[in-house]
Amino acid sequence: MALYADSLALNLLRKNFNISNDDNKPIIALAGNPNTGKSTIFNGLTGLRQHTGNWPGKTVGRAEGYFKYKEEEFLIIDLPGTYSLLANSTEELIARDFICFARPDLTLVVADATNLERNLNLVLQVLELSTNTILVLNLLDEARRKGIKIDVKKLEACLQVPVIPAVAREGLGLEEIKKTCYQISKEKIKIKGFKITYSREIEEKIEELIPLLKRKLPFLQKRINWRWLALRLLEGDKTILASINTYYPIYQERVNIFQKGEVQLDGFNQVWLK
Amino acid sequence: MLLSDLKIQEKAEIKAIRVSGRQGRRLLDLGFIPGTIIKAIRKSPLGDPVAYRIKGTVLALRKEETDLIEIRRIE
Ligand SMILES: Nc1nc2c(ncn2[C@@H]2O[C@H](COP(=O)(O)OP(=O)(O)O)[C@@H](O)[C@H]2O)c(=O)[nH]1
Ligand SMILES: [Mg+2]
């Protein structure tokens, strides 16, 4: 359970995303590749308890709504459909920033069971950013029709997250999704979440970077996944620094110091280590 | 041979992505990974972009991007 001051700060930050959640309902982000049945699942979960609009300052549409399981009520946000979370487009930036900064309590990733290989890219990226993830294996009817069989137990064991089979168009799997969200919110299930281990060279750089980041950006303590941030900087992703500026504006100066040369566009800068 | 040289209905295997950084990463995220089989499906009315079937999805790429992808045509 988060400290009171922390949850106030988080609610304030979430307002940047037009999220009002003063009664502290668990927040669920719904992610997935385009056309995986995300909207169908969203509609199935929320029914009429939803409203649509745009992401703040963007022309990208979004839907948010509520669903209930037992006494617990959840706020669910439909993220733009994307193949990646690496901020290559406005849609990816929105999805990335929401998971990274609004810090949903849980992320549901919807995958197309007929095309698992392609869909797993996003699943792994979400897992790398946020451990509390559930994989919904949708379009299982189509997969069956094509003769594709998926070993759900094995997939669960590999990814170390709950995997829920679904045929959203027929409403199959929705109860299980709700129940699993509930169990996670009550901490009856603890998700471990598979993490990719990179080559030794990269792992060593991550190890080097994390303490430095913690020292230079202390206000992000407990508010960001340091390993993930280190990876983005190693990749030379500058959008993440811009986003830190956006969501933590009072610390702008410090982040700008980074941008002026301590971390460079091409990725890791040795000079910075000194 | 480059992906931009592939004709409609032809198939190829992706050999290499000739760009690194964000642009390279974007192509990998879209599934343009060495070893993957790709098929040119159709051209847009102006000839650019071209739609490809790759890893179970149809995606359109512009010539600037297909010029960056090395392939080997499959007969
Ligand atoms: N056969 C089948 N079709 C589905 C299923 N779920 C969604 N669809 C269909 O797939 C299409 C895309 O669904 P949509 O929810 O709009 O996908 P989104 O782009 O991820 O939001 C629609 O025509 C849905 O009716 C499913 O489980 N099985
Ligand atoms: Mg949709």
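1. Two strands pair if DSSP finds at least two bridges between them. Strands (E, at least two residues) and helices (H or I, at least four) are DSSP runs, numbered from the N terminus. On that basis, chain A holds an open sheet of seven strands with mixed pairing, in the order 2-3-4-1-5-6-7. Strand 2 (50-54) and strand 7 (163-165) of chain A are the edge strands, each pairing on one side only.

2. The model is predicted: local features need pLDDT of at least 70, side-chain atom pairs count only at pLDDT 80 or more, and totals for chains, interfaces and linings use all residues. Residues are numbered from 1 along each chain as its sequence is written, chains are lettered from A and ligands numbered from 1 in the order written, and side-chain values use heavy atoms, without hydrogens and water.

3. Strand 1 (residues 27-32) and strand 4 (residues 72-78) of chain A run parallel, joined by four bridges. A:Leu30 has A:Asp78 as its bridge partner in strand 4 of chain A.

4. Now the ligand. 13 residues surround ligand 1 (a heavy atom within 4 Å). Among the closest are A:Lys38 and A:Asp141. Helix 2 of chain A gives the most to this shell, three residues.

5. Polar contacts are pairs of N or O atoms within 3.5 Å. A polar side-chain atom of A:Thr40 lies 2.5 Å from an oxygen atom of ligand 1. For A:Ser39, a side-chain N or O atom is 2.8 Å from a ligand 1 oxygen atom. A polar side-chain atom of A:Arg169 lies 3.3 Å from a nitrogen atom of ligand 1.

Terms used: Polar contact = N/O pair within 3.5 Å; in protein donor to acceptor, adjacent residues only side chain to side chain.
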